[in-house]
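This report walks through one protein model.

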Amino acid sequence: MLRSLSSLLRRRFEAAQLTLEFDATPQPRDAAELLARLRALGLKRIASCELTRNRNVMVSFRGHELRVHEGYLAAPEDVHRAIVGFIEGRTRAERGVARRRIVSYKVETPARGPARRERTRPEDEPLAAKLTDWHARYNAEHFGGALKPVPVRVSRRMKSRLGHYTAATKDGPAEIAISWRHLRRHGWTEALHTLLHEMVHQWQDETGIPIDHGARFRAKARDVGIEAAAKRAVARG
């Protein structure tokens, strides 16, 4: 009697498992599958989708092109609906609700070894020290001294970017990098503008605001007196 009851329960449990497996919506495995799912949920204006590993800007679009962090492949349907709402929303309120759901989703990414950060070359150390001094000065002038001191290094690897802010991780502290090529081509004044731009990103990070170039970035950029844009035209120094 006990054996037949156990067998019956096992068969019912296995049947329930099969039902759950067949009912579950398959997760997209690549950009094309994700785009197809988003279109099934109402996406219309996007023609192409690219997966990224940029943890600063998780979802972005321009024209007919969509960029999505690869971690959203495994997101539940309501998050995918939020991505559609963020793109197709007719009002600022609709897009705001969608955006909050998107950023609330905790992206899980495969564990990778700690990235090796570039070091400032010995001959560039005086420039890095001078930039670090200006960081302290700008912190006092524009942020009330609220920002944490961070190292500012000079990067010889950067070719297309002028500067970059890296948030702290378990593998290393926060830092700001300024392109050596930028310093050489555009001069000290433009480099200081870039430093202040990256300090606004530092302010976003330390106050719990997503690191992006959205409305709050633009407002803070105007407040500290720099161009409120992700990219800018610079003249040679």
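Of the 237 residues of the protein, 38% count as buried; buried means under 20% relative accessible area, exposed means over 50%, and partly exposed lies in between (1.4 Å probe, protein chains only). This is a predicted model, in which local features need pLDDT of at least 70, side-chain atom pairs count only at pLDDT 80 or more, and totals for chains, interfaces and linings use all residues. Residues are numbered from 1 along each chain as its sequence is written, and side-chain values use heavy atoms, with hydrogens and water left out.

**Overall layout**

The protein has 8 helices and 6 strands. Both are DSSP runs numbered from the N terminus: helices are H or I with at least four residues, strands are E with at least two. Along the sequence the pattern reads α-α-β-β-β-α-α-α-β-β-β-α-α-α. Among contacts with a separation of 6 or more, 54% join residues 24 or more positions apart. Contact means heavy atoms within 4.5 Å.

Just after H8, glycine 225 takes a positive phi of about 90 degrees.

**How H5 meets H7**

Two packed helices are described by the angle between their axes and the distance between the axes. The axes of H5 (residues 125–142) and H7 (residues 188–206) come within 10 Å and cross at roughly 55 degrees. That makes H5 oblique to H7. Angles under 35 degrees count as roughly parallel, over 145 as roughly antiparallel, 65 to 115 as roughly perpendicular, and the rest as oblique. Axes are lines fitted to C-alpha atoms, for helices over the stretch in contact, and angles run from 0 to 180 degrees between N-to-C directions.

Which residues of H5 and H7 meet? H5 brings Leu127, Lys130, Leu131, Trp134, His135, Tyr138, Asn139 and His142. H7 brings Trp188, Leu192, Leu195, Leu196, Met199 and Gln202. By class, this contact has 9 nonpolar, 4 polar and 1 charged residues. Ala, Val, Leu, Ile, Met, Phe, Trp, Tyr, Cys and Pro count as nonpolar, Asp, Glu, Lys and Arg as charged, and the others, Gly among them, as polar.
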